Amino acid sequence: MTKTALICGISGQDGAYLSHLLLDKGYRVVGTSRDARMSRFSNLRKLDLARSVECYSMSPTDFRSVLYTVDKVQPDEIYNFSGQSSLGVSFQMPVETLESHTLSIMNLLEVVRFLKRPARLFNAASGECYGGIRGGALDETDPFHPRSPYAVAKAAAFWQVSTYREAYKLYACSGILFNHESHLRGLNFVTRKITDGVARIHLGGQQQLTLGNIHARRDWGHAEDYVKAMWLMLQQPQPEDYIIASGSTETVRSFTEKAFAAIGLRLCWQGSGVKETGIDQHGVTRVSIDPKYFRLVEVEVLHGNPAKAERELGWRRQHTLASITAEMVAADINALQQQ
Ligand code: G4F
């Protein structure tokens, strides 16, 4: 029998890659956004999926709207990507960030409980919940120490899922997702900002990039790999939470070097702090620092240990950071050439 998946917040990169995976598996895929008629669903279009996915308007923070949608769609699986997703922006919009994450998951949990549907629920939690307060690779037994309004909101949503699973025996679980990227990533995230900037430099439309803390280390993977883990989590006999991460880290500076290398420019670094610059082999300054991109509170290192997901889900990632960077730069050059 055909399974139905409801993807709440389908417009982002995870919604698009998950739609692709589920359609390939024969699912009926229904996606929601706040206003489906006004939404361009550009990521679904980029993967040529816009005509294969049914799109509904749903406000995840409005209980009636969630109740109506879940009752009408009758999903077997629900994937929750709702909520304000930029950590930097969460300091400017703390209330919107908290409400968008906590109300959306509460509404979904309550609706699944209320309708007594046997729907399985996946919630996208974040590696940011750990706060990067200890070195080394973090695993599922490490305590959360959220250090931004975004991380506080994600941690609250994570605990709501855990509470409902325990109290009401719902099939509900969270993937604690570390940074995952692709050419569908928004320009407000550092990897895509870098690859888009590098593409513009390559095509002569821009001279240099301005970044914030280039010494931050992140554990980067590819969104296409991470949505496979989400699906696997909902196919297990029992619901459990899993870290989804690559297991290794790189600095923003090193990612920048890789992106420039993809267009044949070798960066060397001079100066330090806000005076640090990246200069190419021709002596042209390509990277400079602007403190306006510094975070109020920075998580210097985020490093996840995916051993539990590998062991219990049989999850393996296919992409390396080198292949992700090359793919993103090539896609950005291609997109700019089409404009
Ligand atoms: O790309 P970012 O904005 O991602 P961040 O904050 O790590 O959050 C992402 O990953 C989380 C999981 O670990 C998700 F929960 C979250 O939704 C999102 O997907 O920033 C990465 C690093 C930070 O340390 C930031 O300070 O890059 C540093 N950075 C340096 N210059 C910059 C910039 N970040 C941005 N956005 N823009 C810059 O110019």
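Ser-65 sits in helix H3, which covers residues 63-73; helices here are DSSP runs of H or I with at least four residues, strands are runs of E with at least two, and both are numbered from the N terminus. This is a predicted model, in which local features need pLDDT of at least 70 and side-chain atom pairs count only at pLDDT 80 or more, while totals for chains, interfaces and linings use all residues. Residues are numbered from 1 along each chain as its sequence is written, and side-chain values use heavy atoms, with hydrogens and water left out.

Ser-65 counts as buried because its relative accessibility is 16%; buried means under 20% relative accessible area, exposed over 50%, and partly exposed in between, with a 1.4 Å probe and protein chains only. Leaving aside residues up to four places away in sequence, Ser-65 touches Met-58 and Ser-59, where contact means heavy atoms within 4.5 Å. Ser-65 and Gly-273 are 208 residues apart along the chain, and their C-alpha atoms are separated by 48 Å.

## The chain as a whole

The chain contains 11 helices and 15 strands. Its C-alpha trace spans about 65 × 45 × 40 Å along the principal axes. The radius of gyration is 20 Å, which agrees with the value near 20 Å for a compact globule of 339 residues; this radius is taken over C-alpha atoms, and the globule rule is 2.2 Å times the number of residues to the power 0.38.

Of the 339 residues, 53% count as buried. Among contacts between residues at least 6 apart in sequence, 75% join residues at least 24 apart. The chain exposes about 15000 Å², and carbon and sulfur atoms supply 50% of that area (Shrake-Rupley method, 1.4 Å probe; for residues, only the protein chains shown count as cover). There are 38 positive and 35 negative side chains, and the centres of the two sets lie 2 Å apart. Lys and Arg count as positive and Asp and Glu as negative, without His and the chain ends; a charge is placed at NZ of Lys, CZ of Arg, CG of Asp or CD of Glu.

## Two nonpolar cores

A nonpolar core is a set of buried Ala, Val, Leu, Ile, Met, Phe, Trp, Tyr and Cys residues joined through side-chain atoms within 4.5 Å. The largest one has 38 residues, and Leu-22 and Tyr-79 touch the most other members. Elements giving two or more residues to this core include strand E1 (4-8), helix H1 (13-24), strand E5 (120-126) and helix H8 (223-233). H8 provides the largest share, eight residues.

Beyond residues up to four places away in sequence, Leu-22 touches Ala-5, Ile-7, Tyr-27, Val-29, Tyr-79 and Trp-231. A second, separate core has 25 residues, among them Ala-216, Leu-265, Leu-267 and Met-328.

## Buried residues in helices

Ser-19 is located in helix H1 and is buried, with a relative accessible area of 0%. Outside its sequence neighbours up to four places away, Ser-19 touches Ile-7, Ile-10, Val-29, Leu-44, Leu-49 and Val-53. Ile-105 belongs to helix H5, residues 94-115, and is likewise counted as buried, at 0% relative accessibility.

In helix H9 (residues 252-261), the buried residues include Val-252, Phe-255, Ala-259 and Phe-260. Among the elements that the buried residues of H9 pack against are helix H7 (190-202), strand E13 (268-270) and helix H11 (321-338).

## Residues in loops

Most residues other than glycine have a negative phi. Phe-41, in the loop between strand E2 (28-33) and helix H2 (42-46), has a positive phi near 50°. Lys-169, in the loop between helix H6 (149-168) and E6, also is not a glycine and has a positive phi of about 60°. Phe-41 counts as buried at 10% relative accessibility, whereas Lys-169 is exposed, with a relative accessible area of 67%.

Gly-212 occupies the loop between E8 and strand E9 (217-218) and is buried, with a relative accessible area of 11%. Gly-212 and Ser-288 are 76 residues apart along the chain, yet their C-alpha atoms are separated by 8.6 Å. Not counting residues up to four places away in sequence, Gly-212 touches Ile-289, Asp-290, Tyr-293 and Phe-294.
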